[in-house]
Amino acid sequence: MEFYNYLKSLHLIFVITWFAGLFYIVRLFVYQIEANDKPSPEKDILQKQYKIMTYRLWYIITWPSAVLASFFAFWMLFFTDIGNVWLRMPWMHVKLGFVFVLYLYHYKCHKIYLELQNNTVKYSSNFMRLWNEGATIILFAVVFLVILKNAVNWIYGVVGIVLFSVLIMLGFKLYKTIRAKNKS
C-alpha cells in the first residue's frame, strides 16, 4: 500500500503540472494572437518572445507532465491490486472518459501551438479565453469523480462549474464592453 501511495503522489504531482501547463499555454496563445495585431517592430519582438516561451512551456513542462502523469496512472491501474479493483467501478470508467477528453484537448492545443509557431492565426484571443475554460471543466469533473467515487454525483460539480463558466463569460463580455467604451 505504501508503494501505491508513492505512485499516487507522483501521478498527482504530474497531473498538477500538466494542468498548469495547459492553463498557461492557452494564456500565452491569447498574448501571441494579440501581439499579431501590433505594429512592427513591437509585433516582431513580442512574437519572437512568445514563441520561445510557448516552446519551453510546451516541451519542457506540459508534454513531459502529460506523459509522466499517464505513466504513473497506468502503473497504478494495471499493476497494483487496488487499481484492478477501481477499474471495475463505474466512476472510474467515467473518469477515464474525461481523461480521454483531456487527451483530445491537449492534442488540439498542440495543433494550435504548431499553427502559432508557423505564424498562422486561426482563432481570436476571445476564442482562446473561452477555450481555456475547457481544461477547467475537465479538471472539476475529474476531481469530483475521484473524491466522491460516484459515477452520478460528479454531475452536480460539473453543472456548478458550467454555471460558473457562464458567469465568467458574462463577466468577460461586460469587461470587453467597458474596455471598448474606455477606448472611445
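A pocket here is an open set of points on a 1 Å grid over the protein atoms alone, with protein on both sides within 12 Å along at least five of seven lines, where a 1.4 Å probe fits; lining residues have an atom within 4 Å of a point. Its volume is the space filled by probe spheres set on the points, which are joined across faces, edges and corners. By that count, the largest pocket holds about 740 Å³.

The model is predicted, so local features need pLDDT of at least 70 and side-chain atom pairs pLDDT 80 or more, while totals for chains, interfaces and linings use all residues. Residues are numbered from 1 along each chain as its sequence is written, and side-chain values use heavy atoms, without hydrogens and water.

**Largest pocket**
- Its lining takes in 33 residues. H11, V15, K95, V142 and V146 lie nearest the centre.
- Two or more lining residues come from each of α1, α2 (42–79), α4 and α5 (125–148). Helices are DSSP runs of H or I, at least four residues, numbered from the N terminus.
- Helix α1 gives the largest share, 10 residues.
- By class, the lining has 26 nonpolar, four polar and three charged residues. Ala, Val, Leu, Ile, Met, Phe, Trp, Tyr, Cys and Pro count as nonpolar; Asp, Glu, Lys and Arg as charged; the others, Gly among them, as polar.

**Second largest pocket**
- This pocket has a volume of about 150 Å³.
- I33, E34, D37, S125, N126, R129, R179 and K183 line it.
- Helices α1, α5 and α6 (154–183) each give two or more residues to this lining. The largest share, three residues, is from α5.

**Packing of α1 on α4**
- The axes of α1 (residues 2–35) and α4 (residues 90–117) come within 11 Å and cross at roughly 35°. Axes are lines fitted to C-alpha atoms over the stretch in contact, with angles from 0 to 180 degrees between N-to-C directions.
- The crossing is left-handed: the near helix is turned anticlockwise from the far one by less than a right angle.
- Contact (heavy atoms within 4.5 Å) involves, among others, W18, F19, L22 and F29 of α1 and L102, Y103, H106 and Y113 of α4.
- The contact has 13 nonpolar, four polar and one charged residues.

**T136**
- T136 sits in helix α5.
- T136 counts as buried because its relative accessibility is 16%, and the cut-off for buried is under 20% (1.4 Å probe, protein chains only).
- Beyond its neighbours within four places in sequence, T136 contacts F23 and I161.

Definitions and conventions: Buried means under 20% relative accessible area, exposed over 50%, partly exposed in between (1.4 Å probe, protein chains only).
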